[in-house]
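Hello,

Here is the structure we spoke about.

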Amino acid sequence: MERFRKTDYEHKGRWQINWDESANALKRAADHLLEIYQANSAERNSRPGLHITAEGTPGWMEVYDTELMKIYYMLMGYSIENRIKGIIIVNHPEYLTEEGLEKIDRHDIRNLLKENGITEFRAYDDVFRELEKYVTWKGRYPISKYYEKHEVIDRPIDLYTVTDLYKKLYRRSKIERRLEKIRKKCAITFRDFTSAQEEIVSFIVPNTSMKDILGQYSQYSKELIVHAMEDYVEETAEESVKPSLRLTIDRWKLGDYDEKLRNWMGRNQHKVENPDEMPDEEINPERLAAYLHKVLPDRLHNDPKYMSEIINELLREEIKSIKDVGHLIEEYPLETYIVPLDVEIGVKLRDVGIIQSLLIAKKIDEIKSVIQSWKPLPAEPIDLIDQKPFVVVGSGVASYLMKSTDNIKIHTTNSGDLEITFKELSNRIGIGLPYLRCLMKRLEIFHAYLLSKVKP
């Protein structure tokens, strides 16, 4: 019996799918509670006035439906914790010993990720910090174990941010399950896989075959190419073309390397007509919607009535006509700036999201151009952080400009130091055009401060 117990313990602990199954069950329970909470809130909001319910009267327990968000966040915290621990244990099976799981037996998710070199979720450190409180006490008890940790007022957690975090963790865990299969034949990391996937997807055009891919990337195994393509198709391709693409990949598995991807809808699909040949029409919701339908046929599209916000952003960046929008898409091609984002988040950006991202790329280039004009930077001081932050958000999370050797970076109080590049900034919560505009305004002030610190 003892031997069976040990075997069962090791089996359930080492296999990532078991951690994912626990995460799924907890997420399912959390979603049910969220539905009850939202239905109760909608019902109460439909009845104006004060609501008083006496203990013991019919329906009196329903008043606690308004408290279910605490339990929701607790369950989501446990679900997210299971996903992360599954990702860690599959990469470090040595953490499971006869003594147990001491290496990961805690709720401090932020440090667990940091200690294990998982960096792509740093932007969610504030969410991890708050969920940890719900897991350890807020979702279970009226007070914390220690007086110093008690909070009179709960800090709000943005529901969209929690959902966005879970989606990204879900995608990472799915890729890790693929890597378990690939590792039976060769060593590979998550970063190796996503880098190879980006290269392969960038190379493919309609009618590409496995033979073409192997000829271009001889360093990649058939198994890696198949898994990279399966992941991309399932997470990013349009539903209408998935069956055809799956069939081609299945034939590749059987050794038919000449079979071609005939319905490929990938990076090379986006062909932008010459902007100089377009009519110079002012932007309005209807014209912009029609143009985006034309140049982004494989994307989900927003209704014209919801386009006013992105039009305001375009106008602030001096993009006033449809021709200007065409130049923006031409200057920042989707295969370079957008498709890697699609792959990373596992969802294809909508048309408005694409324009927003291209505007961010444009603003980052403007910032880098200013910084480039400062070169060469003074050798001393080697490192210098600005006196004042250019942005303070949420519960005091601040962003500063900083000099680091011969580079200018962003120093954040929650995510460490960030490079001022599209790849580093484009998919981070809280970083958008308003953030970058504040950074832009602070540039010359910081430059003057830097020069003031140079020794004569």
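Buried means under 20% relative accessible area, exposed over 50%, and partly exposed in between (1.4 Å probe, protein chains only). This is a predicted model: local features need pLDDT of at least 70, side-chain atom pairs count only at pLDDT 80 or more, and totals for chains, interfaces and linings use all residues. Residues are numbered from 1 along each chain as its sequence is written, and side-chain values use heavy atoms, leaving out hydrogens and water.

The model holds 35 salt bridges (a side-chain nitrogen of Lys or Arg within 4 Å of a carboxyl oxygen of Asp or Glu).

Lys-174 pairs with Glu-235, with the closest N and O atoms 2.6 Å apart. Lys-174 lies in helix α6 (residues 159-182) and Glu-235 in helix α9 (residues 222-236), 61 residues apart. Glu-235 counts as buried because its relative accessibility is 19%. Lys-174, at 24%, is partly exposed.

Arg-178 forms a salt bridge with Glu-230, at 3.0 Å between the closest N and O atoms. This pair also links helix α6 to helix α9, across 52 residues. Arg-178 is buried at 18%, and Glu-230 is buried at 16%.

Now the strands. Glu-419 and Lys-409 meet in a salt bridge of 3.4 Å, N to O. Glu-419 sits in strand β7 (residues 416-419), Lys-409 in strand β6 (residues 407-412). Glu-419 is partly exposed at 32%, whereas Lys-409 is buried at 18%.

Lastly, a network of salt bridges links Glu-313, Glu-317, Lys-362, Lys-363, Glu-366 and Arg-437.

Best wishes

Methods:
Helix = DSSP H or I, 4+ residues; strand = E, 2+ residues; numbered from the N terminus.
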